[in-house]
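Biologist: Can you take me through this model? Start with the pocket, please.

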Amino acid sequence: MTLFLQQLLVGLTNGAIYASLALALAIIYRTTGVVNLAQGEIAMFSAFIAWQLNHWGLHIWLAVLLSVVLSFCLGTVIERVALRPIQGGPTLPVVIVTIGLMLVMNQLAGWIWQFNVKDFPSLFPAGNIHLGAVQLPKETLGMLAVLVVAMVAVFQFFQRTKLGLAMRAAANSQDSARLVGIPVNRMLMLGWGLAAALGALVGPMVASQVFLEPNMMSGIMIYSFAAAVLGSLDSAAGAVVGGMIVGISEVLGSTYLPFVGGDLKILVPFVIIVGVLLVKPTGLFGRKGVVRV
């Protein structure tokens, strides 16, 4: 039981990371219809910005918060400069632009900060909290708490604020939103900024757990994209639920299935995903489209 609880906590933390990036993917997909393949590189670039600000003398948390603000601005600039000129056109050019953006940001980070591995400062105190025989690392609990608060804040933003409701209206029907006076282009730009800011919070969390280098988000993005597909790309709640399922199944599968271990743990969530999509191709929270004739 002790092992199960400790592994469950690790799974929840991993799931929160996957869910946060999956939520960022869902935000952009719902507002623009674009799958942002560069989301992981934006998060990586933000982690480097936080590392650099800390290297210049800022406290690590102040550096992270400032990188979130800068990443929000970066996301709005990317939408305005790279995506808006081809908005409304065929899907393939948009996909190519996001792939190009991913490669450019990866190489730009390597050019500025080099491709060697760097240590990222810990964001939370070291040590464990003891609950009976269960040892809960403070860093893991801190990461889980921050990511959960961030996701709740995003949901409250979309549900409780006029700006969030305007963004949802623009996502549901751009033409109808324009008819009631909503500046759709501005909403799309804010959607990219919000997704980039959410990624900027995830990047330092990942870097503090493993290492900081330009390719650090590659594996994370595979899990996050899988989580978004599992829950449904057009559902924010589905992205979060999908992230949690992927994170927990990955950890528990590698712990309790001897033939899986650490080498094949990536197969466990993907087997679940394939099984779900065979039964419900639109994902757990996806809805069938209705075409009027």
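Biologist: Which helix gives the most to the lining of the largest pocket?

Modeller: Helix 1 does, with five residues. Helices here are DSSP runs (H or I, at least four residues), and strands are E runs of at least two, numbered from the N terminus. This is a predicted model, so local features need pLDDT of at least 70 and side-chain atom pairs 80 or more, while totals for chains, interfaces and linings use all residues. Residues are numbered from 1 along each chain, and side-chain values use heavy atoms, without hydrogens and water.

Biologist: What volume does the largest pocket have?

Modeller: About 440 Å³. Of its 18 lining residues, the closest to the centre are Asn14, Tyr18, Val206, Val210 and Ile220. A pocket is an open set of points on a 1 Å grid over the protein atoms alone, where a 1.4 Å probe fits, with protein on both sides within 12 Å along at least five of seven lines; lining residues have an atom within 4 Å of a point. The volume is the space filled by probe spheres set on the points, which are joined across faces, edges and corners.

Biologist: New topic. Is serine 224 buried or exposed?

Modeller: Buried, because its relative accessibility is 0%. Buried means under 20% relative accessible area, exposed over 50%, partly exposed in between (1.4 Å probe, protein chains only).

Biologist: Where is serine 224 found?

Modeller: In helix 9. Leaving aside neighbours within four places in sequence, serine 224 is in contact (heavy atoms within 4.5 Å) with Ile17, Tyr18, Leu21, Ala22 and Leu25.

Biologist: And how do strand 1 and strand 2 pair?

Modeller: Antiparallel, over four bridges. Pairing takes at least two DSSP bridges. Leucine 131 has valine 134 in strand 2 as its bridge partner.
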